[in-house]
Amino acid sequence: VYIRELALKIPPPSEKDWLREDEENFFLQDPDRKWDALPQPFRMVNKLVMLVFENAMEIIERREMLQEAEKLKVQPTTCFPTAEFQVTGRANCLAVSGKYIFVGLSVGLAAFNVSDCKEVGAWDEVKTEICAIHASDLGNELHVLLAVDEMGLVWLFCFHKESFLLIKILNEVEDISKQSTCVEVVLSQGGDYAGVLLQGNTKTWLEIYQLPKDSWLKEMEKSLRASTRLACRERSSSWTSADIFLLQESVNKADAKLSLPVLLLKVKPPKPITGSSFKSPLDALKKVDDGTVLGLGFNHLIKDSQWEQQEVIFCSTYWDYLEAEGERQSKEEIPRHATFHFLLPSPILQVGPGMKVQPDVPAGIGVHWDGSHNLCFYLLNCLLKEKVDSDPKPDVVWPCAAPIVCSAVSSCSRYLALACEDATITIWNKHVGYPLSVTAILEERVIRSIHFL
């Protein structure tokens, strides 16, 4: 029998790198995933691949959680078109009034019925492109329209019995060199007034028109009766074709003679405040009315030399701040744009004795020009003592701490919102003239527009 001389020993391991203590019993936890220890650098590559896989799984799980949270939110309703308008040319704008939809086209105007989306009337006599349109229902199937074409002309129409009737081009002049362009058009609710902001070569002004809708309704009824008599006479055999043609011509001429709108106000932008021309305080007091309302600040006793001294002192004191902000000295320019709103009657807009006030008819307008601190109110239902071409004085002035950037009026005309250049929004109760709230937006914010919801 062969007997070994030395005892049997366990051979040394063939691998130098064994699993770490936290990994040596891993195969006991999951025998199916048992593997041999990998040498370097394959173990490092394996760890990197597993890390990428785990990160990817975390991203997938996070996205799935977000998708589940989105499903729990209220989803917005998706609306699909139910009908289609077949128009001639290109549609630029539209307005809804009553049961009609008026569309401004590249060749004129078109009216569609809301119920069946069929065209019921069109106007393309001049073949002009309409860029903006405003409409209002006057009752008795009569609608008033204000359309602005590509040349800045304002066309005033009446739509009655599915036909367009041109009343007037508001800013048309004989001398083409004096032609003004329309910047903005506002039609009051109910169609009683229309405001047109016009811009010429060197100046800008606001025109307010009163639309004689009561006269239009009477004239349309008269025209309708004449058309009815014509239809009855056509059925009579005693009338010849020549007689019927002459009668139709007379009816068409009667239709074309609708009352023209009345120009109530012509508001010009405020002039820059300059040095006083008064020689004594008594001369300045003579220009002041009764002193019950604030003015625009023109009747003062500050001379031009005092303005210049004040400007020199201010610039020398705060020159470091002015230079850091990049501000430059510039002369005040006449503003070129205005924002205006038609306002319903309120205690702030007090009319004279004997004037009729209707609660649903605008009693005044609120106007503020670019770069101006003042919100000016003008009455509409007062008798004009001055000529229309003259510069009317505002009946009420609301000064603000900073220039007004934009404004908005609520649908009930009770609340007024003003946003200034210092990013401050003030909500006013227009009926009592009291501020309800003042909100300051964060610094370095510029407010462009404001709306009531």
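Strand E18 (residues 415-420) pairs with strand E19 (residues 424-429) in the antiparallel sense, over 5 bridges. Strands are DSSP runs of E with at least two residues, and helices are runs of H or I with at least four; both are numbered from the N terminus. Two strands count as paired if DSSP finds at least two bridges between them. Leu-416 stands opposite Trp-428 in E19.

The model is predicted: local features need pLDDT of at least 70, side-chain atom pairs count only at pLDDT 80 or more, and totals for chains, interfaces and linings use all residues. Residues are numbered from 1 along each chain as its sequence is written, and side-chain values use heavy atoms, with hydrogens and water left out.

The pair belongs to an open sheet of 4 strands, in the order E17-E18-E19-E20, with antiparallel pairing. Strand E17 (404-409) and strand E20 (434-440) stand at the edges; each has a single partner strand, so one side of each is left without a neighbour in the sheet. Neighbouring strands are turned by 20 degrees against each other on average, direction ignored. Axes here are lines fitted to C-alpha atoms, for helices over the stretch in contact, and angles run from 0 to 180 degrees between N-to-C directions.

Ser-407 is buried, at 9% relative accessible area. Buried means under 20%, exposed over 50%, and partly exposed in between (1.4 Å probe, protein chains only). The Ser-407 side chain makes polar contacts with the side chains of His-341 (2.8 Å) and His-368 (2.8 Å). A polar contact is a pair of N or O atoms within 3.5 Å; within protein, one must be able to donate a hydrogen and the other to accept it, and residues adjacent in sequence count only if both atoms are side-chain atoms. Beyond its neighbours within four places in sequence, Ser-407 also has contacts (heavy atoms within 4.5 Å) that include Thr-339, Ala-417, Leu-418 and Ile-450.

The whole structure holds 5 salt bridges. A salt bridge is a side-chain nitrogen of Lys or Arg within 4 Å of a carboxyl oxygen of Asp or Glu. One of them joins Arg-90 and Glu-129 (2.4 Å, N to O). Arg-90 lies in the loop between helix H2 (42-72) and strand E1 (91-97), and Glu-129 in the loop between strand E4 (119-123) and strand E5 (130-139), so the pair ties together parts 39 residues apart in sequence. Arg-90 is partly exposed, at 44%, whereas Glu-129 is buried, at 16%.
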